[in-house]
Amino acid sequence: MTKAPATQIKTDEEIASMRIGGRMLMTVLDYLVKQHLKAGISTKELAVVAASELSKLGGKPAFLGFEGYGDVICISVNEEVVHGIPGDLVINEGDVVGLDFGVTYDGMITDGAVTAGVGQVSTQAQRLLTGTAQALQKGIVQAKAGARVGDISFAIESRLKADGLGVVEDLIGHGVGHGLHEEPGIPNYGRAGQGPQLLTGMTIAIEPMATLGGRAVSLDEDGWTVRTADGSWAAQFEHTVLITEGAAEILTTL
């Protein structure tokens, strides 16, 4: 993997393009969750729908071909944390399914993810989904000009630990925009007041990943799929946000 470039301050025109791409991204994820994420569908069928819908909207898939990745979206089920490759796996009632998607529009990239339950999920699974989603929101609140990366990291970690969730440390958020992965890295654990300072005009992807068990993960033989080492279920939520003098602007929104 090549070294990630530094996050540059984005121009007004670049930010405008990212707003459009971010809207496309969440439009596709919202459509997948509400219309197609049901028991009996395969992860590959979901990926085909994602590709078709994004094409209709005029965007390009940012993941396809990235470092050799072979599909337009990452779909991770239950104990899979991230980077699951769409295939023949059939989704069942009660599963939790992570949908991680990247969109390129007018040369600018946005990155976002949701994890959703299929039908009726267990109390434990719902605790995982709620805690991770709320951790993302807690992190976003800290993302403003003058703050430090550690402020985001500490807020995420604190929320996850409040529900007894495992904090995945081997995978982190990142800058995004000109490239899919830019600096600075945004860990989901850390100390407030530490790390690089955030500046107005930066765009970063904040993405808490949590488990119902431990923090350790392993990599499948496919070279992409990351799963929990203990087999516990996992969740990921992610938004691309713009750093401003006030509250961060979420770019991956409808």
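The model is predicted, and it holds 11 salt bridges.

**Exercise 1.** Determine which residue pairs with K10 in a salt bridge, and whether the two partners are buried or exposed.

Step 1. The partner of K10 is E182, with the closest N and O atoms 3.4 Å apart. The cut-off for a salt bridge is 4 Å, so the pair qualifies.

Step 2. K10 sits in the segment before α1 (12-36), while E182 belongs to strand β8 (residues 182-186). The two residues are 172 residues apart, and the pair links distant parts of the chain.

Step 3. Buried means under 20% relative accessible area. K10 has 5% and is therefore buried. E182, at 2% relative accessibility, is buried as well.

**Exercise 2.** Locate the salt bridge between E53 and K56 in the secondary structure and classify the accessibility of each partner.

Step 1. The closest N and O atoms of E53 and K56 are 3.1 Å apart.

Step 2. Helix α2 (residues 43-57) contains both E53 and K56. They are three residues apart, which is about one turn of the helix.

Step 3. E53 has a relative accessible area of 18% and is buried, whereas K56, with 63%, is exposed.

**Exercise 3.** State which parts of the chain are tied together by the salt bridge between R215 and E169, and how accessible each partner is.

Step 1. The side chains of R215 and E169 meet at 3.1 Å, N to O.

Step 2. R215 is exposed at 52% relative accessibility, and E169 is partly exposed at 27%.

Step 3. Elsewhere, shared partners join salt bridges into one network made up of E79, E80, D220 and R227.

**Exercise 4.** Explain why D151 is not counted in a salt bridge, and list what D151 touches beyond residues up to four places away in sequence.

Step 1. D151 is part of helix α4 (residues 149-162) and is buried.

Step 2. Side chains of opposite charge can pair when their charged atoms come close. For D151, the nearest side chain of opposite charge is R148, 6.6 Å away. A salt bridge requires the atoms to be within 4 Å, so D151 has none.

Step 3. Not counting residues up to four places away in sequence, D151 touches Q142, R191, A192 and G193.

Terms used:
Residues numbered from 1 in each chain as written. Predicted model: local features only at pLDDT ≥ 70, side-chain atom pairs only at ≥ 80, totals over all residues. Heavy atoms only, no water. Helix = DSSP H or I, 4+ residues; strand = E, 2+ residues; numbered from the N terminus. Buried < 20%, exposed > 50% of the residue type's maximum accessible area, 1.4 Å probe, protein only. Lys, Arg positive; Asp, Glu negative; His and termini not counted. Contact = heavy atoms within 4.5 Å.
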